[in-house]
Amino acid sequence: MNRLSIDVTCEVEWPLDPPNADPQAFVERVLEAAAERIGVRGEVSVLLVDDGAIHELNRTYRQVDRPTDVLSFPMNEGVALADPDDVDPILGDIVVSVDRARDQAGAYGHSLAREMAFLLVHGFLHLNGFDHEDEAGEREMFGLQEEILLGIGLARS
């Protein structure tokens, strides 16, 4: 039974092997593992874009005039759900730049699949209230990310 309902829109050529594969299965595998680990369920939309598209979103919503790797748009930020046992909440949207993922995978010396998964998990944790604004939050969030990625076989090279 899936913990998440995930809608994936890929506005760029799917970068992972096989190239004609549906990105839905990869994204579901990654985000289901994250949801299981932190004990949440709900609906998530994922948009895979190029640097130009994420640059525009970053400028519009964060007033940062450059591309970034991942953006998260939580639906219920700071709002408690009435009864989480009765409803699958809409968690929000995750936008990933495939261009940034490709560049970062090369820079860090690991696979593109690992970098894409890292960005998806990072965005998902942000949707669920995790942040890295201070040292303690960063340790917790990055520790969870590594644990989730190890659990699906995407360890650092």
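Helix α1 (residues 23-38) packs against α4 at an angle of about 45°, with the two axes 10 Å apart. Both structures belong to a predicted model, where local features need pLDDT of at least 70, side-chain atom pairs count only at pLDDT 80 or more, and totals for chains, interfaces and linings use all residues. Residues are numbered from 1 along each chain as its sequence is written, and side-chain values use heavy atoms, with hydrogens and water left out.

Helices here are DSSP runs (H or I, at least four residues), numbered from the N terminus. Axes are lines fitted to C-alpha atoms over the stretch in contact, and angles run from 0 to 180 degrees between N-to-C directions.

So how do α1 and α4 sit? They are oblique to each other, a label left over once angles under 35 degrees are called roughly parallel, over 145 roughly antiparallel and 65 to 115 roughly perpendicular. Their crossing is right-handed, meaning the near helix is turned clockwise from the far one by less than a right angle. In α1, Phe-26, Val-27, Val-30, Leu-31, Ala-34, Ala-35 and Ile-38 meet α4 residues, including Met-116, Leu-120 and Phe-124; contact means heavy atoms within 4.5 Å. What classes turn up in this contact? There are 14 nonpolar residues, no polar and no charged ones. Nonpolar covers Ala, Val, Leu, Ile, Met, Phe, Trp, Tyr, Cys and Pro, charged covers Asp, Glu, Lys and Arg, and the others, Gly among them, are polar.

Helix α4 (residues 112-127) has other partners too, namely α3 (residues 98-108) and α5 (residues 135-151).

| Pair | Angle | Axes apart |
|---|---|---|
| α3 and α4 | about 120° | 8 Å |
| α4 and α5 | about 130° | 10 Å |

α3 and α4 are oblique to each other, and their crossing is right-handed. On the α3 side, the contact uses Val-98, Ala-101, Arg-102, Gln-104, Ala-105 and Tyr-108, while α4 brings Leu-112, Glu-115, Met-116 and Leu-119. By class, that is seven nonpolar, one polar and two charged residues.

α4 and α5 are oblique as well, and α4 passes α5 in a right-handed crossing. Among the residues touching here are Phe-118 and His-122 of α4 and Phe-142 and Leu-149 of α5. This contact divides into nine nonpolar, three polar and two charged residues.

Finally, there's the second largest pocket, with about 180 Å³ of space. A pocket is an open set of points on a 1 Å grid where a 1.4 Å probe fits, with protein on both sides within 12 Å along at least five of seven lines, and lining residues have an atom within 4 Å of a point. Which helix gives the most to the lining? That's α4, with five residues. The lining includes Gln-104, Tyr-108, Glu-115 and His-122, and has four nonpolar, three polar and four charged residues.

Note on methods. Helices (H or I, at least four residues) and strands (E, at least two) are DSSP runs, numbered from the N terminus. Grid points are joined across faces, edges and corners, and a volume is the space filled by probe spheres set on the points.
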